[in-house]
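Open the model in your viewer and keep the selection panel at hand. Each stop below says what to pick and what is there.

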Amino acid sequence: MLTVEGVRSCYGRIEVLHGIDLEVRTGEIVTVVGANGAGKTTLLKCLSGTQPISDGTITFCGESFAAVPAHKRLSHGLAQSPEGRQIFTNLSVEENLRLGAFLYADDRVQSDMDDAFAMFPILKEKRNLAAGGLSGGQQQMLAIARALMGRPQCLLLDEPSMGLAPLLVAQIFDVVKSLKARDVTVLLVEQNAFGALKIADRGYVMETGRITIQGHAPDLIADPRIREAYLGI
Amino acid sequence: MDALLQFLFSGLTVGAVYALVALGFTLIYNASDVVNFAQGEFVMLGGMITVFAYQAGVPLLLAATLAILITAALGVALNKLAIEPARGAPVVSLIIITIGASILIRGATQLIFDKQLHRFPAFSGDDPIRVMGATILPQSLWVLGGALAVFAVLWVFFSRTLTGKAVLATANNRVAAQLVGINTGWIMTLSFGLSAAIGAFAGVLVTPITLVSYDVGVTLALKGFAAAMLGGMGTPKGALVGGLLLGCLEALTAGYLSSQYKEAVAFIVILGTLFVMPQGLFGAKTTERV
Ligand SMILES: Nc1ncnc2c1ncn2[C@@H]1O[C@H](COP(=O)(O)OP(=O)(O)OP(=O)(O)O)[C@@H](O)[C@H]1O
Ligand SMILES: [Mg+2]
């Protein structure tokens, strides 16, 4: 579904991705784990088109994304729930969700919204409140729900567990896992390597702009290098 | 008492124009973080183009419509030719570009038209209406009504339509707006076109009262900016209240102190706002975007 080949990207003159190769197949949950500053967010931004790439190719469903601007990528089926949630803080919860389905004006918008409320009942309770007033966990739910309103085939999730209490982290990971049943393919970026690998099919380890280890998630969890560096075991 | 009412009438009339200019500032600021100092030129163009089209024999309503459309097109051109290509430049540079654009527009207007003061007939005649001992021009009612109508239409646009919400979303978080599929470049174009059209509309409404010449835009931009600061940059409600308040402050200053001090009011308002409440009356927005 998503193929990344030799992608490089820079901030100014400093290159932070030094040729990334990665593949996400239809129906998979794939995770990219790595330490602070490894370049995970930059990679996702390249995929969603909000960060330019200086080399390499991104192919989605057989189509090159080279000439597809950020705002058109969702209509191709690729959604992103960005780092730091990036919800529309001045708008209400419901408006955030409606805007998630900005591309659509059919009856499914309402049923998708009902779905989102069923998935996260707290959002229904707070539907008329300004999104900026939500707690961190609720904002994360809103960010995921808003991305799902765009009817993606593939969802990019950037550190959905960041800054959340353990109970909420578990709940968010459960939701991510449940996306499989909705036919949404997931690329999950996490510092919480253990939590991510537990729900993923495959994983990549990223270190200072390079993929250093890759494999099936259970193998990675068992890999001594990863156990030491990322799982703290 | 009669005098006070009289001052308030004239204050509200110019205030309504300031409010429309401030609204133009607000729309562009929200879409792009740019304070567009060419905003006053849009008002001038609305008046000037109507004047010359009318003198050329075009019926007034058609002339005004033409003026608004041409000005809107110029607003779009300003964005496409000057602001968009400089995207990524610091906001200060963009603001300087708008100042350059305003000088250019003024110069071109002076060349294409002339340097004289002009007017066209008021929409409903020039006979003052008596209200409780004071008088008000019918055209003042047009100005006030027109301004309120613009604000009402905009309110519906922002609160009831998906496109309006997309504008708000872009103002709130540009990257997130792109991620949900909003073409933020197009939103910017829309905002420039809309701002220019609103400015031109203000020019059409007020020209029969204040007259128009190629250089009226400078003062209007300054006053509109003061109004937007006072109300809180970025909020339409602030633009409305700030504009009307500034107009009344000016009229009262001219009436009770001296008309010499009138021009200083806008400066004092800008300075006072910066010192006392930099957010303005309604602006809660902390500038967190980068
Ligand atoms: N806007 C920016 N301008 C300049 N450098 C940046 C910018 N954003 C990130 N960087 C740098 O790029 C590198 C990769 O950052 P990135 O945010 O992609 O890492 P990350 O893996 O997502 O980290 P984290 O786990 O902390 O989110 C870091 O060295 C960071 O300092
Ligand atoms: Mg990150």
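## Stop 1: ligand 1

Select ligand 1 and the 13 residues around it; A:K40, A:T41, A:T42, A:E83 and A:Q191 come nearest. A residue counts as near if one of its heavy atoms lies within 4 Å. This is a predicted model, where local features need pLDDT of at least 70, side-chain atom pairs count only at pLDDT 80 or more, and totals for chains, interfaces and linings use all residues. Residues are numbered from 1 along each chain as its sequence is written, chains are lettered from A and ligands numbered from 1 in the order in which they are written, and side-chain values use heavy atoms, with hydrogens and water left out.

Color the shell by residue type. It divides into 4 nonpolar, 6 polar and 3 charged residues. Here Ala, Val, Leu, Ile, Met, Phe, Trp, Tyr, Cys and Pro are nonpolar, Asp, Glu, Lys and Arg charged, and the others, Gly among them, polar.

Now show the polar contacts (pairs of N or O atoms within 3.5 Å). The side chain of A:K40 has an N or O atom 2.7 Å from an oxygen of ligand 1. For A:T41, a polar side-chain atom is 2.6 Å from a ligand 1 oxygen. For A:T42, the distance is 2.5 Å. Taken alone, ligand 1 exposes 630 Å², and the protein buries 61% of that. These areas come from the Shrake-Rupley method with a 1.4 Å probe.

## Stop 2: the magnesium ion

Select ligand 2. Which residues coordinate the magnesium ion? They are A:T41, through OG1, and A:E83, through OE, at 1.8 to 2.2 Å. The two are 42 residues apart: A:T41 sits in helix α1 (residues 40–48), A:E83 in the loop between β6 (78–81) and α3 (93–100). Donors are N, O and S atoms within 2.8 Å of the metal (3.2 Å for Na, K and Ca); water is not among the atoms, so sites may look incomplete.

Are these residues buried or partly exposed? A:T41 is buried, at 17% relative accessible area; A:E83 is partly exposed, at 31%. Buried means under 20%, exposed over 50%, partly exposed in between (1.4 Å probe, protein chains only).

## Stop 3: helix α1

Select α1(A). It gives the largest share of the shell around ligand 1, 3 residues. Helices (H or I, at least four residues) and strands (E, at least two) are DSSP runs, numbered from the N terminus. Step just past the helix: A:G49 has a positive phi of about 90 degrees.

## Stop 4: A:S81

Finish on A:S81, in strand β6. A:S81 is buried, at 1% relative accessibility.

Note on methods: A polar contact is a pair of N or O atoms within 3.5 Å; within protein, one must be able to donate a hydrogen and the other to accept it, and residues adjacent in sequence count only if both atoms are side-chain atoms.
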